[in-house]
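Here's a quick walk through this protein, from the overall fold down to a few individual residues. Have the viewer open and follow along.

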Amino acid sequence: SRTGALAIKSTNHEFPDDDQVSRLENEYKFSRHLMRCNAIRAALFQTEFNGSPSLFLEWANGVTLSEWIKSVHSTENSCSLPLNSRSVTRPALISESNLKMLMKAARSITKALSEIHHENVSHNNLVPENIIVDNRGGKGDISIKIIGIESASFLTQDSGQPSETKIDLLSLGSILFHMFTGRRPFKRENN
């Protein structure tokens, strides 16, 4: 569903370099190409805004998947369990209602990625910060919007789709691990 509100994405420099402009143009091109995918934030038009190349996009209601995961797992209690005669804090089991929400979100994200690949596109930067989750509709409804497709590329027939979609599939596995455990599978150096 379309919101009617706008997001403006523009370069943050008065004189942007070619890479920044190219990324905006790429996001516009792929947003337009993926218009049939409901989980993709629609690009409305590309122009200059306050003297900078800009992209006008549909507003995506909700919070990033990272924020949503924190809120889901913060409602769970943790418990201390002995492990090798040391006390270790482990996350408690996920409640049934949170598990159902996580399953709905996981299914929606997987379906969205499948739709992107069906359109012969690879996202190439699928991370929790590029997924918006909105569950304010009540009744356990969850909607997903995929954003940040400035690194997207077309899948080519010659190189074979499995190798080109590998980055997206590895990212999806990492995201699902994060969703269900509340932890990222790999530690970042800056974290």
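How many helices and strands does the protein chain have? There are 4 helices and 10 strands in this predicted model. Going along the sequence, they come in the order β-α-β-β-β-α-β-β-α-β-β-β-β-α.

**The chain as a whole**

Of the 191 residues in the protein chain, 35% are buried. The chain exposes about 11,700 Å² of surface, and 52% of that comes from carbon and sulfur atoms. If you take the contacts between residues at least 6 apart in sequence, 67% of them join residues at least 24 apart.

The mean pLDDT for the protein chain is 83, and 80% of the residues score at least 70. Which elements sit at the two ends of the confidence scale? Strand β4 (residues 63-64) has the highest mean pLDDT, at 96, while strand β5 (residues 78-83) has the lowest, at 46. Over residues 78-83 the pLDDT stays under 50, and the model has 16 contacts beyond four places in sequence for that stretch. Where pLDDT is low, the predicted coordinates should not be read in detail.

**A pair of helices**

Now turn to helix α2 (residues 65-74) and helix α3 (residues 96-118), whose axes come within 11 Å and cross at roughly 165°. Are the two helices, α2 and α3, roughly parallel or roughly antiparallel to each other? With an angle of roughly 165°, α2 and α3 are therefore roughly antiparallel. Their crossing is left-handed.

Which residues meet where these helices touch? On the α2 side you'll find L65, W68 and V72. They meet N98, M101, L102, A105 and I109 from α3.

**Two residues in strand β2**

Strand β2 covers residues 43-49, and both Q46 and F49 belong to it. Start with Q46, which is partly exposed with a relative accessible area of 33%. Setting aside neighbours within four places in sequence, Q46 is in contact with L24, E25, Y28, S54 and L55. Helix α1 spans residues 18-33, so L24, E25 and Y28 are the ones to look for there when you trace the contacts of Q46.

F49 is partly exposed too, with a relative accessible area of 34%. What does F49 contact, leaving aside neighbours within four places in sequence? The partners are I8, S54 and F56. S54 is a contact of Q46 and of F49.

Some C-alpha pairs are worth checking with the distance tool.

| Pair | Apart in sequence | C-alpha to C-alpha distance |
|---|---|---|
| N38 and S143 | 105 residues | 9.7 Å |
| F49 and K9 | 40 residues | 9.4 Å |
| Q46 and I8 | 38 residues | 9.6 Å |
| L155 and V121 | 34 residues | 5.4 Å |

N38 is found between α1 and β2, whereas L155 is found between β10 (153-154) and α4 (161-181). Is L155 buried or exposed? L155 counts as buried because its relative accessibility is 9%. N38, in contrast, has 55% relative accessibility and so counts as exposed.

Finally, have a look at the backbone of N120 and N124. Phi of N120 is near 60°, a positive value in a residue other than glycine. N124 also has a positive phi, near 70°, and is likewise a residue other than glycine.

Where do these two sit? N120 lies in the loop between α3 and β7 (121-122), and N124 lies in the loop between β7 and β8 (131-134). As for the surface, N120 counts as partly exposed at 29% relative accessibility, and N124 counts as partly exposed at 25%.

Note on methods:
Residues numbered from 1 in each chain as written. Predicted model: local features only at pLDDT ≥ 70, side-chain atom pairs only at ≥ 80, totals over all residues. Heavy atoms only, no water. Buried < 20%, exposed > 50% of the residue type's maximum accessible area, 1.4 Å probe, protein only. Contact = heavy atoms within 4.5 Å. Areas by Shrake-Rupley, 256 points an atom, 1.4 Å probe, with all protein chains shown as cover. pLDDT = per-residue confidence, 0-100. Axes fitted to C-alpha atoms, helices over the stretch in contact; angles between N-to-C directions. Parallel < 35°, antiparallel > 145°, perpendicular 65-115°, else oblique. Left-handed = near helix turned anticlockwise from the far one by under 90°.
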